[in-house]
Amino acid sequence: MKKNNLLLLILALTLVTSCGSIKSSIKNIDNNAIKPAVRGTQFILTEYATDYKYGYDKDYPVNLGFENETYSPKNIVYFFNGLAGTNGEKISYTKIDNCCPFPSKKSVMGAGTLDIYEVTVENSNKKMMLYINIYEKGKVLCPKGFSIKKPTIN
């Protein structure tokens, strides 16, 4: 684990020094955002995005950085478990890449990257790409093209 952290630190330092200074282009960071309620293993989403860019554009990612970077990946599971297809269909998701380094005080290395997820809806060949940020906070909404999944009863 420490070897991986060292490699990530070297990579981040290389990016910072090779690119000069990295500037954040993320437009929807909100440090006052409140983490959605969790029921079981899903966020209880209550609002739909009105902007078609939300989640689909690297400048408007889904910001899930409500804890430190070690614990934030569980928020990815909670987020996707709170979504369904437009007609309530089951979705599946796979992380396919990282991109877009930006400065972050919430990362042990001082920089973060966005995760890119490929999302498919059951019984559909359509694939959608969503940008997820586990470092910074923002209002968590249901992106266009999805619906809010009804919470499971515990």
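Tutor: Let's begin with a definition: a residue is buried at under 20% relative accessible area, exposed at over 50%, and partly exposed in between, using a 1.4 Å probe and protein chains only. By that rule Asp115 is buried, with a relative accessible area of 7%.

Student: What should I know about the model itself?

Tutor: It is a predicted model, where local features need pLDDT of at least 70 and side-chain atom pairs count only at pLDDT 80 or more, while totals for chains, interfaces and linings use all residues. Residues are numbered from 1 along each chain as its sequence is written, and side-chain values use heavy atoms, with hydrogens and water left out.

Student: How many salt bridges does a search of the whole structure find?

Tutor: Here is the general idea: side chains of opposite charge can pair when their charged atoms come close. The cut-off is a side-chain nitrogen of Lys or Arg within 4 Å of a carboxyl oxygen of Asp or Glu. Searching the whole structure gives seven salt bridges.

Student: Which residue forms a salt bridge with Asp115?

Tutor: Lys95 does, and the closest N and O atoms are 3.3 Å apart. This pair links distant parts of the chain, with Asp115 in strand E6 (residues 111-121) and Lys95 in strand E5 (residues 91-103), 20 residues apart. Strands (E, at least two residues) and helices (H or I, at least four) are DSSP runs, numbered from the N terminus. Whereas Asp115 is buried, Lys95 counts as partly exposed at 41% relative accessibility.

Student: What does the salt bridge of Glu47 with Lys139 tie together?

Tutor: In that salt bridge, the closest N and O atoms are 2.9 Å apart. Glu47 sits in the loop between strand E2 (42-43) and strand E3 (62-63), and Lys139 in the loop between strand E7 (127-133) and strand E8 (147-148), so the pair ties together parts that are 92 residues apart in sequence. Glu47 is partly exposed at 34%, and Lys139 is partly exposed at 45%.

Student: How do I read a disulfide, and which residues does it join here?

Tutor: Look for a pair of cysteine sulfur atoms within 2.5 Å. The whole structure has one disulfide, joining Cys99 to Cys100 with an S to S distance of 2.3 Å.

Student: Is that disulfide left-handed or right-handed?

Tutor: The torsion about the S-S bond of Cys99 and Cys100 is about -80°, so the disulfide is left-handed. As for accessibility, Cys99 is buried at 18%, whereas Cys100 is partly exposed at 23%.
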